[in-house]
Amino acid sequence: MSIDARPAGPQADTAESAPLTGGCLCGAVRYELAVPVSAIVACYCADCRRATGTAASINARVPASAFRLVRGATRVFARAADSGRLLERHFCADCGSPILTRHGDDTRQIILKVGSLDRQEGMALAASIWTASAAPWAWVDRDQPCFPAGRPAPGSTAAPGRA
Ligand SMILES: [Zn+2]
Ligand SMILES: [Zn+2]
């Protein structure tokens, strides 16, 4: 399926204008992301551990308007997070790869699973959250801010914990 195919040409694929691309392991789900990824956060909560089968989920918040599925569709599993807010986990129904999560009450942004991007060059972890829930074998980057639970609300004066 071809949606809004970009015009081919010498300028079409410059680093600045080309969207980031990503998708699942089997290729059934593919997406484009129109903004750079920054502020990458590792979430060590118990739900992310179980949903990924590994130590943490590596996430980046991006505007929902910048994300566009170009192939397939995600399947959704929704469950209340520790915050009480409904969290939708979007994944490939064929291979199970996590693609993104989003809060059911927030249509403005999505939380992209950074590992689903095709290219990882130049990306770095900015913080870790829910480190108090990390598995004993989990490796946590203590050189970055670590929050024992969720991130403090914007404007909060709470300093990052070093749990
Ligand atoms: Zn897949
Ligand atoms: Zn989590």
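Which strands make up the open sheet of eight strands, and in what order do they lie? The order is β6-β7-β8-β9-β4-β3-β10-β11, and the pairing is mixed. The model is a predicted one, in which local features need pLDDT of at least 70, side-chain atom pairs count only at pLDDT 80 or more, and totals for chains, interfaces and linings use all residues. Residues are numbered from 1 along each chain as its sequence is written, while chains are lettered from A and ligands numbered from 1 in the order in which they are written.

**Confidence**
- The chain has a mean pLDDT of 87, and 82% of its residues reach 70 or more; pLDDT is the predictor's confidence in each residue, from 0 to 100.
- Over residues 1–14 pLDDT stays under 50, and the model has six contacts beyond four places in sequence for this stretch. A contact here requires C-beta atoms, placed from the backbone, within 7 Å.
- Where pLDDT is low, the predicted coordinates should not be read in detail.

- Strands are DSSP runs of E with at least two residues, numbered from the N terminus, and two strands pair if DSSP finds at least two bridges between them.
- At the edges stand β6 and β11 (146–147); each has a single partner strand, so one side of each is left without a neighbour in the sheet.
- β6 (residues 74–80) and β7 (residues 86–92) run antiparallel and are joined by seven bridges. Val76 stands opposite His90 in β7.
- The hairpin of β6 and β7 has five residues between the strands, and Gly84 in this hairpin takes a positive phi near 95 degrees.
- β3 (residues 40–43) pairs with β4 in the antiparallel sense over three bridges.

**Asn59 in β4**
- Asn59 is found in β4, which spans residues 57–63, and Val41 stands opposite Asn59.
- Asn59 counts as buried because it has 23 C-beta neighbours inside 10 Å. The cut-offs are 20 or more other C-beta atoms within 10 Å for buried and 12 or fewer for exposed, with partly exposed in between; C-beta atoms are placed from the backbone.
- Beyond its neighbours within four places in sequence, Asn59 is in contact with Val41, Cys43, Ile111, Leu112, Lys113 and Val114.
- Val37 lies 22 residues from Asn59 in sequence, with 9.6 Å between their C-alpha atoms.

**The three-stranded sheet**
- A further open sheet has the order β1-β2-β5, with antiparallel pairing.
- Its edge strands are β1 (20–23) and β5 (67–71), each of which pairs on one side only.
- Four bridges join β2 (residues 30–33) to β5, and Arg68 in β5 is the bridge partner of Glu32.

Note on methods:
Two residues are in contact if their C-beta atoms, placed from the backbone, lie within 7 Å.
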